Amino acid sequence: MNIQELAVLLNATIAQEGEDMTMPVSCGYVCDLLSWVLAHGQKGMAWTTVQTHVNVVAIAVLMEMACVILSEGNQLDMASLAKAREEKLAVLVTAKTSYEVCGLMMRAGIAPPQA
Amino acid sequence: MQQHAMMDVFNITALDYASAGDASATIKRKLKQLGIDSTVLRRIAVASYEAELNLIIHSMGGTLTLSITTTEIKLVSRDVGPGIPDIERALQEGYSTANAEARNMGFGAGMGLPNMRRNADDFTIESEMGKGTQIQMRFAI
């Protein structure tokens, strides 16, 4: 599944387009502790969080993730959105909870990260 | 000891959360251009980001220094205080002294130093109260 298809699956709006929205999603993850994400983040990951500040963008870019999914309608602040635009990081916003996002991703065959 | 072929120093300002990750992104970009193996690159990226964040959250400001030779990458974090009272405790996973602001942002999981130690091939930390902390990490390439 690619980022564009994931946005449709999650009924998400695309707050920021990534460089390549047809990039395949390698795995899914949910966590709001950023150091934890740093320890477990992977290339091509779709990461679900309720955090909205600029460090979310920094970590997703550093880990070369496919996209960030903001659950429960959370929106990036202006500075974070500007940073995501600059870094061409895909950011999806959905009204669904992180729990629902994970359920839908698992059912669609998106695997958890490999150890 | 081999001469360092390249060295970059990044100044990190205390509590400057808005710039957090900028130095690490530059470091990663530079190493990627040099063709460093992606597995090693990822370990360095995690370690440098944690070091950068620690300087922002806990220190009174400092520097992150990147040195590159033909055989290794070295990252050194130096700050001007306040120092770590109990290093052994600070190295324990889950132990954190981060304040409420940092915790609200999703930091303060007590993973910073453990993440650095886990990802570096060699990790040393020295700290003196009132003077500051120096962390040295080496990565074989």
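Select helix H3 (residues 54-62) and helix H4 (residues 78-87), both in chain A: their axes come within 8 Å and cross at roughly 20°. This is a predicted model. Two numbers are enough here, since a pair of packed helices is described by the angle between the axes and the distance between them. Angles under 35 degrees count as roughly parallel, so H3(A) and H4(A) are roughly parallel to each other.

Next, show the side chains where these helices meet. On H3(A), pick A:Val54, A:Val56, A:Val57 and A:Val61. On H4(A), pick A:Ala79, A:Ser80, A:Lys83, A:Ala84 and A:Glu87. Colour them by type: the residues of this contact divide into six nonpolar, one polar and two charged.

Now hide chain A and select chain B. Which elements make up its secondary structure? Chain B has five helices and five strands.

Zoom out to see chain B as a whole. Taken along the principal axes, its C-alpha atoms fill a box of roughly 40 × 30 × 25 Å. Chain B has a radius of gyration of 14 Å, which agrees with the value near 14 Å that a compact globule of 141 residues would have.

Last, look inside chain B. Here 37% of the 141 residues count as buried.

Methods
Residues numbered from 1 in each chain as written. Chains lettered and ligands numbered in written order. Predicted model: local features only at pLDDT ≥ 70, side-chain atom pairs only at ≥ 80, totals over all residues. Helix = DSSP H or I, 4+ residues; strand = E, 2+ residues; numbered from the N terminus. Rg over C-alpha atoms; globule rule 2.2 N^0.38 Å. Buried ≥ 20, exposed ≤ 12 C-beta atoms within 10 Å, placed from the backbone. Axes fitted to C-alpha atoms, helices over the stretch in contact; angles between N-to-C directions. Parallel < 35°, antiparallel > 145°, perpendicular 65-115°, else oblique. Contact = placed C-beta atoms within 7 Å. Nonpolar A, V, L, I, M, F, W, Y, C, P; charged D, E, K, R; others polar.
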